[in-house]
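Student: I have a new model open on my screen and would like to talk it through with you. Could we take it one question at a time?

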Amino acid sequence: MEYVKEQLSTRPDVIIRPMMGEYLVYWGGRLGGDICDNRLLVKPVPAALELLPKAAMEPPYPGAKSMVLVENLEDRAFLRRLMEAMEPELPLPKKRKPKKKAVQ
């Protein structure tokens, strides 16, 4: 995870959050990928499929939807290009409703 985080650090807005023993990867405030079992997987949006046409599709965990496996983690310029191409195709996070205060 630390290596992937370092490779993605060309963008200051990359956030990696732990989730159930693995990690979610956000950039531009949008969820774009997962780090699971020492693999970087990104959402299969058109830009990712175009830039990684021969990439394997793998689920991050059993029963999950398949995602695009990014194998070339050494090329920081490519990773940045991938993130920039994917960003407009990723959904914005849903706004959370404020919690209601408990009635006493």
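**The core, the sheet and the salt bridges**

Tutor: Gladly! Keep in mind that this is a predicted model. Of the 22 residues in the largest nonpolar core, the ones touching the most other members are Val25, Trp27, Leu40, Val42, Val70, Leu82 and Met86.

Student: Which element gives the most to this core?

Tutor: At least two core residues come from each of β2 (22-27), β4, α2 (46-51), β6 (67-70) and α3 (76-86). With five residues, the element that gives the most is α3.

Student: Which residues does Leu82 touch, not counting residues up to four places away in sequence?

Tutor: Leu82 is one of the core residues that touch the most other members. Setting aside residues up to four places away in sequence, the partners of Leu82 are Val42, Ala48, Leu51, Leu52 and Val70.

Student: Which are the edge strands of the sheet?

Tutor: The open sheet has six strands in the order β1-β2-β3-β4-β6-β5, with antiparallel pairing. An edge strand pairs on one side only, and that describes β1 (15-19) and β5 (57-58).

Student: What angle does the direction of α3 make with that of β4?

Tutor: Helix α3 packs on the sheet, where it touches β2, β3 (30-36), β4 and β6. The angle between the directions of α3 and β4 is about 25°.

Student: Is Arg39 buried or exposed?

Tutor: Arg39 lies in strand β4 (residues 39-42). The cut-off for buried is under 20% relative accessible area. Arg39 has 18% relative accessibility, so Arg39 counts as buried.

Student: Which backbone oxygen does the side chain of Arg39 reach?

Tutor: Not counting residues up to four places away in sequence, Arg39 touches Asp34, Glu58, Pro59, Pro60 and Leu69. At 3.2 Å, the side chain of Arg39 reaches the backbone oxygen of Pro60.

Student: How many residues apart in sequence are the parts that the pair of Arg39 and Glu58 ties together?

Tutor: The side chains of Arg39 and Glu58 meet in a salt bridge, 2.6 Å from N to O. Arg39 belongs to strand β4 and Glu58 to strand β5, so the parts tied together are apart in sequence by 19 residues.

Student: What separates Arg80 and Glu84 along helix α3?

Tutor: Their side chains form a salt bridge, with 2.8 Å from N to O. Arg80 and Glu84 are four residues apart in helix α3, so the separation is about one helical turn.

Student: How many salt bridges does a search of the whole structure find?

Tutor: Another salt bridge joins the side chains of Asp37 and Arg39 (3.8 Å, N to O). There is also a network of salt bridges linking Arg11, Asp13 and Glu87. For the whole structure, the number of salt bridges found is five.

Definitions and conventions
Residues are numbered from 1 along each chain as its sequence is written. This is a predicted model: local features need pLDDT of at least 70, side-chain atom pairs count only at pLDDT 80 or more; totals for chains, interfaces and linings use all residues. Side-chain values use heavy atoms; hydrogens and water are left out. Buried means under 20% relative accessible area, exposed over 50%, partly exposed in between (1.4 Å probe, protein chains only). A polar contact is a pair of N or O atoms within 3.5 Å; within protein, one must be able to donate a hydrogen and the other to accept it, and residues adjacent in sequence count only if both atoms are side-chain atoms. Contact means heavy atoms within 4.5 Å. A nonpolar core is a set of buried Ala, Val, Leu, Ile, Met, Phe, Trp, Tyr and Cys residues joined through side-chain atoms within 4.5 Å. Two strands pair if DSSP finds at least two bridges between them. Axes are lines fitted to C-alpha atoms, for helices over the stretch in contact, and angles run from 0 to 180 degrees between N-to-C directions. A salt bridge is a side-chain nitrogen of Lys or Arg within 4 Å of a carboxyl oxygen of Asp or Glu.
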